[in-house]
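Here are my notes on this model. They run from the whole chain down to a single residue.

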Amino acid sequence: ARVGEGERAEELIDEMKHEWKIQPDAISWRCVVRAYTTGGNLERARKALEVMVTENLMEPDDVATCNFVLRAYARAESEAQAEERVDMVQKMDDFFSLSSQFEPDSATYSIVLSGLT
């Protein structure tokens, strides 16, 4: 998906499932997360992460996907998203409690620390 086209990316996921009978994999959902995140829709990016968990698509390297969303919160410029930045540590805990398959890494902590400064 192109930058910021999260809704279109998610529509394609639905088409894959319903029209083509193809089950989207982790890579497909990572694209949705990225599209929402780069478009500034962080809440939808988080929901896409939750779908990855509920559909058992999280893999150990998905720490990078969570870090991507956390980085977007850390850089948030809108007032509403800036308020989210205050809760960076809680956000980190929330993301990593979604699945026991991965844990925060040093990049995660750097992102959170940069969001707190």
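1. Surface. The accessible surface of the protein is about 6,700 Å². Carbon and sulfur atoms hold 49% of that area. Bear in mind that this is a predicted model.

2. Burial. Of the 117 residues in the protein, 39% are buried. The cut-off for buried is under 20% relative accessible area.

3. Charge. The protein carries 13 positive and 23 negative charges.

4. Fold. Seven helices and zero strands make up the count for the protein. Along the sequence the pattern reads α-α-α-α-α-α-α. The radius of gyration is 14 Å, close to the 13 Å that the globule rule gives for 117 residues, so the protein is as compact as a globular protein of that length.

5. Dimensions. Taken along the principal axes, the box filled by the C-alpha atoms is roughly 45 × 30 × 15 Å.

6. Ser28. This residue sits in helix H2, which spans residues 26–38. Is Ser28 buried or exposed? Its relative accessible area is 17%. The limit for buried is under 20%, so Ser28 counts as buried. Which residues does Ser28 touch, not counting those up to four places away in sequence? The partners are Ile13 and Met16.

Key
Residues are numbered from 1 along each chain as its sequence is written. This is a predicted model: local features need pLDDT of at least 70, side-chain atom pairs count only at pLDDT 80 or more; totals for chains, interfaces and linings use all residues. Side-chain values use heavy atoms; hydrogens and water are left out. Helices (H or I, at least four residues) and strands (E, at least two) are DSSP runs, numbered from the N terminus. The radius of gyration is taken over C-alpha atoms; the globule rule is 2.2 Å times the number of residues to the power 0.38. Buried means under 20% relative accessible area, exposed over 50%, partly exposed in between (1.4 Å probe, protein chains only). Accessible areas come from the Shrake-Rupley method with a 1.4 Å probe; for residues, only the protein chains shown count as cover. Lys and Arg count as positive and Asp and Glu as negative; His and the chain ends are not counted. The place of a charge is taken as NZ of Lys, CZ of Arg, CG of Asp or CD of Glu. Contact means heavy atoms within 4.5 Å.
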